[in-house]
2 protein chains.
Amino acid sequence: MSIARKTPTIQDVARFARVSTATVSRALSSPERVSEGTRARISDAVEATGYTLNQAARSLRQRTSKTILVGLPDIRNSFFSTILDAIEREAALRGYGVLVCNRYSGPNPARRLGEYFLSHRADGLLLLDGSLDLEQLLELTREPSAVPLVVACEEIPDASFHTVKTDNPRAAAHATRHLIDQGHTRIGHITGPAGNVLRQERLAGFMQAMDEAGLKVLPDWIFPGNFMMESGYAAALQYLAMANRPSAVFAANDETAIGFLSGLREQGLECPRDISVVGFDDLAVALHYSPPLTTVRQPREKLGQLAAQTLINILEGGVEAKPLRIVLTSEMIIRSSTARYFPPPHS
Amino acid sequence: MSIARKTPTIQDVARFARVSTATVSRALSSPERVSEGTRARISDAVEATGYTLNQAARSLRQRTSKTILVGLPDIRNSFFSTILDAIEREAALRGYGVLVCNRYSGPNPARRLGEYFLSHRADGLLLLDGSLDLEQLLELTREPSAVPLVVACEEIPDASFHTVKTDNPRAAAHATRHLIDQGHTRIGHITGPAGNVLRQERLAGFMQAMDEAGLKVLPDWIFPGNFMMESGYAAALQYLAMANRPSAVFAANDETAIGFLSGLREQGLECPRDISVVGFDDLAVALHYSPPLTTVRQPREKLGQLAAQTLINILEGGVEAKPLRIVLTSEMIIRSSTARYFPPPHS
DNA sequence: TGGCCGCATGTAATCGATTGCATCGCAAGT
DNA sequence: ACTTGCGATGCAATCGATTACATGCGGCCA
């Protein structure tokens, strides 16, 4: 029955309020430029017609889409999705939409991201990891796309991007020292994926702490991982096959730690009786795992919120003179997956 | 140094190829309408100028944004984020962008979603849960927003929406029967959040299976949950305080199951020795939990992919005559959190 | 009284792509 | 040879909002 009306335009509002579209536009975007009387008439007209802005038209004219693009390596990982949650909330608050681009793979990932800007679909990019290489990132920020960019989670050394991150090397060192303090001397590490900045930072923190304590790290004790449970599980198999096993392992994130523990348990090893394990991230499941995981809590919500704020500030306030570097501090959460080391009775 | 060139427009391409913009537009969107020679010249010109379409301009003219909106209740939950992952992949393949709207709360959530359409930012809506009530949903599909809608995960009975979902009642009944088959007779259930369709369906399946087996369900044995770990943990406390405890529990999802098990373990109860637990979803962690969780695997990737395909087909092919109902079947995954029931030696 | 200023508002160009209609040229049909 | 038809292309309107510039009006000052 209902006639399929088109959505009302600014013309309809103007006609209803008996003013020009220019005045309507002004009344909506800078009310102080319009006299009180007309302002009221226009606001009535908006009400009456049920007007909403056509964002496409505005975008075309203003070259602004009120949308940010979030690039993530893997949205299924709850570490990232929690950050995305915070970003979305903050963006919505400031009137921005959030486009997601997950696992930008293919021949030229930066190109895929860049196209969002060339086609004017997004105003700025929030990148949640550094799996793009520096070259590609730089290309993004150059003409013609010239993407306003904030990199979260990771920092690219010497590069001129705004970054919001946590202090990974320090936190990794802290986690490692926690194991050392408990008497462990043979400590291994399951790394993040190759080519990832986080991998470097956490590994570096680990190595530094070991070094400072005067402890050796055998090459065997560095297990390759990729932040996913399966890789932790694979590390467990490797671990079990070793002759001279570490008595503790610092995993680059909670998921890896969980996979690792699960692999060990299958073969009858128990944590923390037989081995101590520290994770990283403090996912929700860390608290509820068996054993509850000792881990490093990253302020993920804060991180996402700050990253979004930073990006939107840049978009609205123009270009910052020099790249901002915001570093949040993580917090060590000690639970039951780590315990004091007691040397086995020697034969 | 570099001059801040504007991004090239279709005018630039036209000038370069010495044709009109109309021809360029046609060459790009329906090449067969343009002669081979000019087509080649234009494609060279595109190459040379580095042209990319201005999506805002196209949106304005065509009243189409090539963007879909995904509404989710909680993106942090890896159940949803996995589906979103699949959606995003499928959408990208078909040239669509994905806007996310997480936890649409506030006074009028449907309004917030609807505004994306009124402002022409999205062409269609993919709703990943049914926490909106029917009234609000109906309002969305009416003029003036008239949103093409596909509801995933949940089905609203008697309503005329396209839906893609899994067979929850059946899967829930299946999970329950698995416990019954193992000799359990006193079986409890931790529900989903109030007002959620999934809660109803899984509860219904559970009740039906119990009923068919001639088993009673005490009111105490239905624990209120909300799909989050904390609620499972809370259920554990409730469970522990009970006199006549069930010997098995079917949790409405894996997260709840995990929280529940973690609460029990704190008090020294062990699974599956003291209790059998079945989850739902088969999250990655289910396999790596201790004990590995018996659960119901929902084809999440498939679900996301189908939902996205369905929506995009509708967007591109016009309106379907009658609402599509796609029901995927889930699969029971039996691991170690369930075991044969042995009655305790009676005193 | 005349000139000037500034506020409120209108007029019309503009953003970039699409598309209905017009035009042109060439080939085929009678 | 003249018309008809069709394929290829151009012209110009259009989508809806913004905004530079123009206009008109009232008040203020000299």
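**Figure 1. Pro272(A) and the cis peptide bonds of chain A.** Pro272(A) sits in the loop between helix H11 (254-266) and E9 of chain A; helices (H or I, at least four residues) and strands (E, at least two) are DSSP runs, numbered from the N terminus. The peptide bond joining Cys271(A) and Pro272(A) is cis, with omega about 5°. A cis bond also runs from Ser290(A) to Pro291(A), where omega is near -5°. Pro291(A) is found in the loop between helix H12 (284-288) and strand E10 (295-297) of chain A. The model is predicted: local features need pLDDT of at least 70, side-chain atom pairs count only at pLDDT 80 or more, and totals for chains, interfaces and linings use all residues. Residues are numbered from 1 along each chain as its sequence is written, chains are lettered from A and ligands numbered from 1 in the order in which they are written, and side-chain values use heavy atoms, with hydrogens and water left out.

**Figure 2. The open sheet of chain A.** Four strands with parallel pairing form an open sheet in the order E7-E6-E8-E9 (chain A); two strands pair if DSSP finds at least two bridges between them. Strand E7 (222-223) and strand E9 (276-278) of chain A are the edge strands, each with a single partner strand, so one side of each has no neighbour in the sheet. Strand E6 (residues 187-190) of chain A pairs with E7(A) in the parallel sense over 2 bridges. Within this view, Ile190(A) stands opposite Phe223(A) in E7(A).

**Figure 3. The open sheet of chain B.** In chain B an open sheet of 4 strands has the order E7-E6-E8-E9, with parallel pairing. Strand E7 (222-223) and strand E9 (276-278) of chain B stand at the edges with a single partner strand each, so one side of each is left without a neighbour in the sheet. Strand E6 (residues 187-190) of chain B and strand E8 (residues 248-251) of chain B pair in the parallel sense over 4 bridges. His189(B) has Phe250(B) in E8(B) as its bridge partner.

**Figure 4. His120(B) in a loop of chain B.** The loop between H6 and strand E3 (124-127) of chain B holds His120(B). Phi of His120(B) is near 60°, a positive value in a residue other than glycine.

**Figure 5. The surface near DNA strand D.** DNA strand D is surrounded by 26 residues, the closest being Ile10(A), Arg61(A), Ser20(B), Thr23(B) and Arg63(B); a residue is near a strand if one of its heavy atoms lies within 4 Å of it. Sugar or phosphate accounts for 68% of the atoms of DNA strand D within 4 Å of the protein, and bases for the rest. A backbone N or O atom of Ile10(A) is 2.3 Å from a phosphate oxygen of DNA strand D. An N or O atom in the side chain of Arg61(B) lies 2.8 Å from a base oxygen of DNA strand D.

**Figure 6. The surface near DNA strand C.** Of the 26 residues around DNA strand C, Thr23(A), Arg61(A), Arg63(A), Ile10(B) and Arg61(B) come nearest. Of the atoms of DNA strand C that come within 4 Å of the protein, 67% belong to sugar and phosphate. A phosphate oxygen of DNA strand C lies 3.0 Å from a backbone N or O atom of Ser35(A). A base nitrogen of DNA strand C is 3.4 Å from a backbone N or O atom of Ala57(B).

**Figure 7. The interface of chain B and chain A.** In this interface, 55 residues of chain B are in contact (heavy atoms within 4.5 Å) with 55 residues of chain A. The rule finds 6 salt bridges across the interface, a salt bridge being a side-chain nitrogen of Lys or Arg within 4 Å of a carboxyl oxygen of Asp or Glu. Arg76(A) forms a salt bridge with Asp85(B), with the closest N and O atoms 3.8 Å apart. The largest share of the side of chain B that touches chain A comes from H5(B), with 8 residues.

How values were computed. Polar contact = N/O pair within 3.5 Å; in protein donor to acceptor, adjacent residues only side chain to side chain.
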